[in-house]
Amino acid sequence: MTRTSAVVGGGTMGAGIAHVLLAAGDRVTVAEAGDERAAAAREAVARSLHKAQERGKLDGTADEPLARLTVVAAVQELPPDAQLVIEAVPEDVPLKRRVLAEVRAACPDALLASNTSSLSVRQLGDDVIGMHFFNPVPVQTLLELVVHDGLGADQIRTAREWAESLGKTVIEVRDSPGFATSRLGVTVGLEAIRMLEEGVASADDIDTGMRLGYGWPMGPLRLTDLVGLDVRLSIAEHLTRELGPRFTPPELLRNKVARGELGRKTGRGFFDWT
């Protein structure tokens with residue numbers, strides 16, 4: 001029987017999550033806020049699937065999974081029989097809580113998951129599990145499963161099995177600020193920005209050093225551009241509040257965000273993407 005899943009938020013991460021759910025055979029609904037954003041989400045998912053087809057990374061054509069995609073303009077329009085709903089809205093606790101409350105009302109029997117990369121999952125609800133995907137979702141095989149004492153064994157098992165059915169390798173971590181991957185990744189990323197700020201080396205040379213010296217598939221500065229400098233700043237500020245001054249964002253990062261140099265999505269960050 002075809003599984004029914006949903007994603008709330010059709011941005012970069014939400015579209016990628018919808019892609020892998022569709023590729024795994026799910027019937028998927030993506031919820032966005034308003035018709036214009038819903039149309040953009042549909043286009044993003046379609047573009048991602050067609051790109052995978054062109055690269056030979058998709059079984060068959062993109063048309064088949066796209067036939068199982070529904071995009072709606074409000075959370076209230078999600079299917080009530082959804083078995084899994086993954087929240088992928090911006091990293092803002094009140095926003096996520098409000099969205100998850102709407103999901104509970106719309107999909108009373110669904111397993112609720114959040115794609116947050118740094119916020120406390122239990123703060124979002126005792127019934128919420130963390131399913132932290134990595135960007136780009138169709139390519140990255142890692143999934144960080146974030147668990148806490150409010151969850152039952154069945155919820156954790158179901159989330160793990162669903163993640164593995166998407167071809168993801170799951171690591172399980174306790175709910176704590178930054179989890180495992182964001183905490184380590186932000187640490188290296190912030191230090192790379194400080195090195196650039198101090199003139200230790202160029203952005204390209206710093207990234208090349210991490211790629212060739214440590215086997216990173218992408219350097220920390222280019223990765224920051226991909227994630228978004230505003231997102232990286234927000235996570236750093238959150239970790240500073242939770243864990244102390246070692247996560248204090250460099251002024252170079254603050255200045256770039258203030259100038260609107262947010263990375264690939266704006267055409268410029270630490271590198272030129274135009």
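Biologist: What makes strands β4 and β5 a pair, and do they run parallel or antiparallel?

Modeller: This is a predicted model, and in it four bridges join strand β4, residues 84–87, to β5, the two running parallel. Two strands are called paired if there are at least two bridges between them, so β4 and β5 with their four bridges qualify. Within this pairing, L84 stands opposite L111 in β5.

Biologist: Why is strand β5 described as covered on both faces?

Modeller: Strand β5 spans residues 111–114, with L111 and A113 on one side and L112 and S114 on the other, and all of these are buried. Buried stands for a relative accessible area under 20%, so both faces of β5 count as covered.

Biologist: Why is H19 called buried?

Modeller: H19, which lies in helix α1, residues 12–23, has a relative accessibility of 5%. The limit for the term is under 20%, and H19 is therefore counted as buried. Leaving aside neighbours within four places in sequence, H19 is in contact with S48, L49, A52 and P138.

Biologist: How do you know that V20 is buried?

Modeller: V20 also lies in helix α1, and its relative accessible area is 7%, which is set against the limit of under 20%, so V20 is buried.

Biologist: Which residues is V20 in contact with, once neighbours within four places in sequence are left aside?

Modeller: They are F133, V137, P138, L166 and K168, where contact means heavy atoms within 4.5 Å. For L166, which is 146 residues apart from V20 along the chain, the C-alpha atoms of the two residues are separated by 6.2 Å.

Biologist: Turning to the whole chain, how many helices and strands does it have, and why is it called as compact as a globular protein of that length?

Modeller: The chain has ten helices and eight strands. Its radius of gyration is 19 Å, and the globule rule gives 19 Å for 274 residues, so the chain is as compact as a globular protein of that length. Along the principal axes, its C-alpha atoms fill a box of roughly 55 × 45 × 35 Å.

Biologist: What share of the residues is buried, and what share of the contacts joins residues at least 24 apart?

Modeller: Buried residues make up 49% of the 274 in the chain. Of the contacts between residues at least 6 apart in sequence, 64% join residues at least 24 apart.

Terms used
Residues are numbered from 1 along each chain as its sequence is written. This is a predicted model: local features need pLDDT of at least 70, side-chain atom pairs count only at pLDDT 80 or more; totals for chains, interfaces and linings use all residues. Side-chain values use heavy atoms; hydrogens and water are left out. The radius of gyration is taken over C-alpha atoms; the globule rule is 2.2 Å times the number of residues to the power 0.38. Buried means under 20% relative accessible area, exposed over 50%, partly exposed in between (1.4 Å probe, protein chains only).
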